Amino acid sequence: YAVTVAEMMALAKEAGLDNDPATDAPNTGVVYFRVRAYAGESTATNVEQLSDATAVNVELAEDTSGEVQLPMIYMVGNFQAAGGYGSDWTPADGASLAASDIGKTDFEGFVYINVTSPEFKFLPTNEGWDGDFGDAGTTSGVYTGILKQVDEVNAGTPDGTGGYFWVKADTEKLTYELTETNWGVIGDATPTLWDADTDMTYDADARLWTVTLDLVGGKFIKFRANDAWDINLGDTDADGTMEFGGSDIEVTESGNYTITLDLSHQRHYSYSLTKN
């Protein structure tokens, strides 16, 4: 059984540890593990066997940046070189997915999978292959949406082709999901108002979606995927960072703008409006 970083962080939190220098809680401690096993096939009729406890020293490096360092897992596969993620099947170059909080296992992120027959796995760290998750199916590259760690095969996309995907993986529920997304801008500040999107173009080198168009000052825009409202991003606090289903974004002045959407920093999505 592979203990993930997220699970270790959750155990540390239960033990009263944190990495915030402003609190009185310690940032070092000990977590104990032992293995429970049964000889035979029935837990009801066989004697329980317990291993000796193994102590694991835990140290959470104190964070003085003020930013929460979210737990990560990494996608590695045959898409990496073509998508701008270094070398294929290289953990150190893996595409990162971030959890929603410390101790959570609901990882997500946007990943460019620019190959026709994608195959990949999920790793708990980008330092090696220990504890890797694959698909529970029997054929490599075929998508079932179910993760497995033992006797697994390489995971794949739902239709077996590439694209720009919103990827979700839960290492506790053992599920994963890929939704292909193509992004556009919509709003009454755009030439097509709220009736239709203006499509954006993805730049793999910059890892940005971009479009240049005329915008009307005092009006609003939003970003949405696949010409529908199921997946849309706005800016609730007008701070340049994005939230799913967030508030409309006001354009302060009329003119021709280059608009960018940056989904490369997992769970810290941002945009820019630059007047030309």
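**Entry 1: the whole chain.** I was working with a predicted model. I looked up the secondary structure to begin with, and found two helices and 22 strands. Along the principal axes, the C-alpha atoms fill a box of roughly 75 × 50 × 35 Å.

**Entry 2: contacts and burial.** I turned to contacts between residues at least 6 apart in sequence, and 57% of them join residues at least 24 apart. Of the 276 residues, 38% count as buried.

**Entry 3: surface and charge.** My next stop was the accessible surface, which comes to about 14,300 Å². Carbon and sulfur atoms account for 48% of that surface. I then checked the charged side chains: 14 are positive and 46 are negative. The centres of these two sets lie 5 Å apart.

**Entry 4: Trp-89.** I went looking at backbone angles and stopped at Trp-89, with a phi near 55°. That is a positive value in a residue other than glycine. I placed Trp-89 in the loop between helix 2 (80-83) and strand 6 (95-98). Is Trp-89 buried, exposed or partly exposed? Its relative accessibility is 31%, so I noted Trp-89 as partly exposed.

**Entry 5: Asn-226.** Where does Asn-226 sit? I found Asn-226 in the loop that runs between strand 17 (220-225) and strand 18 (232-234). Asn-226 counts as partly exposed because its relative accessibility is 35%, and partly exposed covers the range between under 20% (buried) and over 50% (exposed).

Terms used: Residues numbered from 1 in each chain as written. Predicted model: local features only at pLDDT ≥ 70, side-chain atom pairs only at ≥ 80, totals over all residues. Heavy atoms only, no water. Helix = DSSP H or I, 4+ residues; strand = E, 2+ residues; numbered from the N terminus. Buried < 20%, exposed > 50% of the residue type's maximum accessible area, 1.4 Å probe, protein only. Contact = heavy atoms within 4.5 Å. Areas by Shrake-Rupley, 256 points an atom, 1.4 Å probe, with all protein chains shown as cover. Lys, Arg positive; Asp, Glu negative; His and termini not counted. Charge placed at Lys NZ, Arg CZ, Asp CG, Glu CD.
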